[in-house]
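Keep the structure open as you read.

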Amino acid sequence: MNKALPVAVIGAGHMGRYHVQHYLKLSGVRLVAVIDRDLERARALAEPAGAAYATRYTAELGPIAAASIAVPTRQHLAVARPLIEQGIALLIEKPLAASVGEAEQIVELAARHGAIVQVGHTERFNPVVRAVERLGVKPKFVEAHRISPFTFRSADVGVVFDMMIHDIDILLHLVRDEVARVDAVGVNVLGPFEDIANARVAFRNGAVANLTASRLALKSERKLRVFSESAYLSLDYQRKVGIAITRDRNLDVLKLAREKNLEDLSQLAGLDFGKLVHVEPLSVDDQDPLQVELQSFIDCVRGQRAPAVSAAEGLAAVRLASRVVESLSAHCWDGPGGKRVGLSADLLGVAELARGTDGPGRP
C-alpha cells in the first residue's frame with residue numbers, strides 16, 4: 001500500500017479553501033500544512049483539518065512532496081521558485097503567471113530542477129475535450145462563450161486572464177497549431193481592466209476561433225462549440241448537456257440526397273432535419289472538476305501519468321492571453337486616431353473597492 005503523500009496548500013483564500021477541502025477527500029494523501037501571509041486565515045483552514053499553519057514554508061513544518069499554489073497570480077513566481085528548487089511538485093492555479101516572462105521563468109526552473117509543475121486549467125477535463133480526442137476531430141471553427149456576474153475576487157486582472165484563459169487553453173489543446181493572427185476588442189466598465197472581451201484567433205492551418213468572456217452578466221453561461229468536417233460538438237455547462245453529431249453516423253442523409261438525384265439540398269425542404277441526423281449525447285457527469293484535477297495531479301506525483309496541463313502548456317496559454325490583451329489595448333474607438341479604452345474618473349472608486357485596496361498600487 002502506498003504511503004500517504006504529504007501535501008501543502010499555499011494560499012488560504014477562495015481557491016485555497018477548495019484545495020484544502022478536496023485534498024482531505026483524496027485517499028492516500030495527507031494535508032501537512034496550510035500557508036498564507038495572513039496567519040489567522042491559514043490557521044482557520046488548517047486547524048479543523050489537523051494540519052500545521054505558517055506564513056511561509058520551512059523545514060519545521062515537515063517534508064512535503066507536493067503543494068497547490070493558490071495565491072494571487074502576480075505572486076506565483078515568487079512562491080513557486082523556492083519550492084521548485086527543492087524538487088517539490090506543484091499544482092499552480094491558472095494562469096501560470098501574470099506575464100510571459102514570469103511564466104517562462106517557471107518553465108525554465110521546473111526543467112532545470114526536474115520538478116513537476118501542473119497548471120490548474122480544470123476545463124481540460126470537460127466532456128467536449130474528451131470527445132474531440134476520442135473522435136479524432138480536427139477543429140475548423142471553435143466558439144466559446146463564458147459569461148458571469150462580477151464576483152469582485154479577481155479584480156486585479158482583466159477578464160482575459162481571469163476567465164477567457166480557460167477557453168484559450170482548451171483552444172490551443174484542441175487545435176494544436178501556431179497562432180497566426182489575433183484580433184480583439186474589450187471594454188472596461190468597473191475598473192482599469194477589461195470586463196468584457198471578444199477575440200478572434202486565426203491559426204496557421206486555417207482554423208479560426210471566436211472567444212467571448214464577460215463578468216458583467218446577470219447570469220452565468222458557459223458554452224463551447226467545435227465544428228469540423230467530420231463532426232459538430234456542443235456543450236452547455238449550465239444545463240449540463242452536450243451533443244456530438246458525426247458525419248460517419250449520418251451517411252444516410254447524404255445517401256438520400258444522392259438517391260433522389262438532388263442538385264442541391266434545398267430540394268429536401270420540408271423534411272425534419274432533426275430526425276435525419278444521428279445525435280450522440282455527451283456524458284456530462286457531476287464530478288467536481290477540481291477533485292478530478294487534484295487526483296490527476298497526485299497520480300502524476302506518484303509517477304502514474306504526465307501532468308494533465310504541463311508548465312509549457314500553461315506558458316502557451318499565457319502567451320496567447322497576452323496577445324489578446326495587447327490587441328484589445330491597441331483597439332481605437334471612433335476610428336483611426338480615436339481614443340483607446342480608458343477608465344472614467346467616476347468609476348475609479350468602484351474599481352479600488354473591487355480590488356480591495358486603499359489606492360492604486362497599495363495592498
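The bend at a residue is the angle between two fitted axes: one through the seven residues ending there, the other through the seven starting there. The model is predicted.

Apply that to helix H6, residues 159-175. H6 bends by about 55° at Ile165. Its 17 residues reach 22 Å from first C-alpha to last. That is close to the 24 Å expected at 1.5 Å a residue. Where does H6 sit, in terms of burial? Buried here means under 20% relative accessible area. By that cut-off 17 of the 17 residues of H6 are buried, so the helix is largely enclosed by the rest of the structure. Just after H6 comes Arg176, with a positive phi of about 55°.

Now the sheet. Strands of a sheet pair through backbone hydrogen bonds, either parallel or antiparallel. Here eight strands form an open sheet with mixed pairing. Their order is E8-E9-E10-E7-E11-E12-E13-E14. Strand E8 (179-187) and strand E14 (280-281) are the edges, each pairing on one side only.

Look inside the sheet next. Strand E7 (residues 141-147) runs antiparallel to strand E11 (residues 221-227), and seven bridges join the pair.

Helix H5 (residues 127-135) touches E11, strand E12 (231-236), strand E13 (241-246) and E14. The direction of H5 makes about 165° with that of E12. Helix H10 (residues 311-330) touches E8 and strand E9 (196-203). The direction of H10 makes about 55° with that of E8.

Conventions. Residues numbered from 1 in each chain as written. Predicted model: local features only at pLDDT ≥ 70, side-chain atom pairs only at ≥ 80, totals over all residues. Heavy atoms only, no water. Helix = DSSP H or I, 4+ residues; strand = E, 2+ residues; numbered from the N terminus. Expected span 1.5 Å × (residues − 1). Buried < 20%, exposed > 50% of the residue type's maximum accessible area, 1.4 Å probe, protein only. Pairing = 2+ DSSP bridges. Contact = heavy atoms within 4.5 Å. Axes fitted to C-alpha atoms, helices over the stretch in contact; angles between N-to-C directions.
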